[in-house]
Amino acid sequence: MKARWKLLALGILISFNTTMAQSQINYDESKVPPLHLPSLFISEKGEIITSKEDWENIRKPEIFRLFKGEVYGQIPKDLDEVSFEVSKIPNHQFDSIAYLEEVDIKIMRGEKSHTMRLNVFLPKNINGPFPIILLINHRQKSEDGSLAEKGYWPVAELIQRGFATASFHAETVAPDDKVRFTEGVLTNLYPEQLDQKDGLKALGAWGWGAMRAMDYFEQHKTINAEKSVLVGHSRSGKSALWTSANDPRWAITYANESGCGGAALSKRKFGETVEVINKNFPHWFAENFKKYNGSEDSLPLDQHMLPALIAPRAVYFASSKDDQWADPKGEYLSLQIGSQVFSQIYDQESPFKTSFEELKGPIHSENLGYHIREGEHGLTWEDWSIFLEFVKKAFYHFR
Ligand code: GTR
């Protein structure tokens, strides 16, 4: 067979496989297998973990290692210098209420360097220091050059409530593309990661970018980096959770409709599966995660362990009713089960007493929150406004 025909045949086979996998997606609750989740509180050696000390010294590092090795890959910490070039932009979209800083963050590692762009809005008419909300933005830049898509990133509403708010485009760290994802921080700073089965991929690279944004906030005179909120929707929500598990500087982490590989339990096999996500987005997770294609049962962890790694810092999940692809029930369950670390290890009462089916409205405690709204997949003003009620509560109690 000529090479061209071989390629064509291979292409047909791949798309046939993907379509096959997608047609086997389960949306029927009665077909969800009985849940056998790995325990939060039994260590690999079989020790029962009950104290904060054992959690932090034994079980938490074990679980972290599993997520790093098997699911997301490393987020390298190796860098020599981070510097900031700040331009204050006049005449922007929110000029009457906010200052806009365009920040080029330059990261050096030996002779190598990478520069990423961060956009920061700061309230104009009140005095700081301001709490900061960072949105990881995986969407394409809009054609008119405007930074914020109303609803998705409601800059004016956040500014009016006294927050500083920032975002960066995924593209500035690692393009969200299965071929081009290497054309950023991976090529410029960490090329050795590309050959490793637990090497950095796009979700981790965006998290690395969020950490560099945090480096900027920490030295900013009018930003209170201790009152920091990391927000990600969908694929960026997956990234936000993994970022916060790596970087304890985030006070609140909000994953909106982050679904498979984010908030939702993989072992339920409801909606998007490990196989489908790895086939459609081979550049998001570590190579090792592909071992679990069609084999969620053999995963040595599940996503309820991710909020547990962030505890006792605040975690918030949100779902939407028509977003069955992301498995809303699996998202709620993982936070409900993961919250056992908040209650049993950190003495914070879990607010998730209700079953998913009996939810009546948003559930907010000081450090844990969840809501599900009507409608389709998306980060909307409705999501933000409910979440901001939670932030008010969390920061009011913030010590
Ligand atoms: C979908 C993907 C989901 C989710 C979503 C998004 O195509 O299957 O896992 O991440 O994209 O990011 O909007």
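Mentor: Start with the ligand, then move to the sheet. By class, the shell around the ligand holds two nonpolar, two polar and two charged residues (nonpolar: Ala, Val, Leu, Ile, Met, Phe, Trp, Tyr, Cys and Pro; charged: Asp, Glu, Lys and Arg; polar: the others, Gly among them). Those around the ligand are S234, R235, G259, C260, E272 and I277, where near means a C-beta atom, placed from the backbone, within 6 Å.

The model is predicted: local features need pLDDT of at least 70, side-chain atom pairs count only at pLDDT 80 or more, and totals for chains, interfaces and linings use all residues. Residues are numbered from 1 along each chain as its sequence is written.

Now the sheet. Ten strands make an open, mixed sheet, ordered β1-β2-β3-β5-β4-β6-β7-β8-β10-β9. Strands (E, at least two residues) and helices (H or I, at least four) are DSSP runs, numbered from the N terminus. Two strands pair if DSSP finds at least two bridges between them. At the edges sit β1 (81-89) and β9 (363-364), each pairing on one side only.

β1 and β2 (residues 98-109) run antiparallel, joined by nine bridges. There K88 stands opposite E101 in β2.

Two helices need a look. Helix α5 (residues 202-218) lies across β1, β2, β3, β4, β5 and β6, at about 160° to β6. Helix α10 (residues 381-396) packs on the sheet and touches β4, β6, β7, β8, β9 and β10. Its direction makes about 160° with that of β8. Contact means C-beta atoms, placed from the backbone, within 7 Å. Axes are lines fitted to C-alpha atoms, for helices over the stretch in contact, and angles run from 0 to 180 degrees between N-to-C directions.
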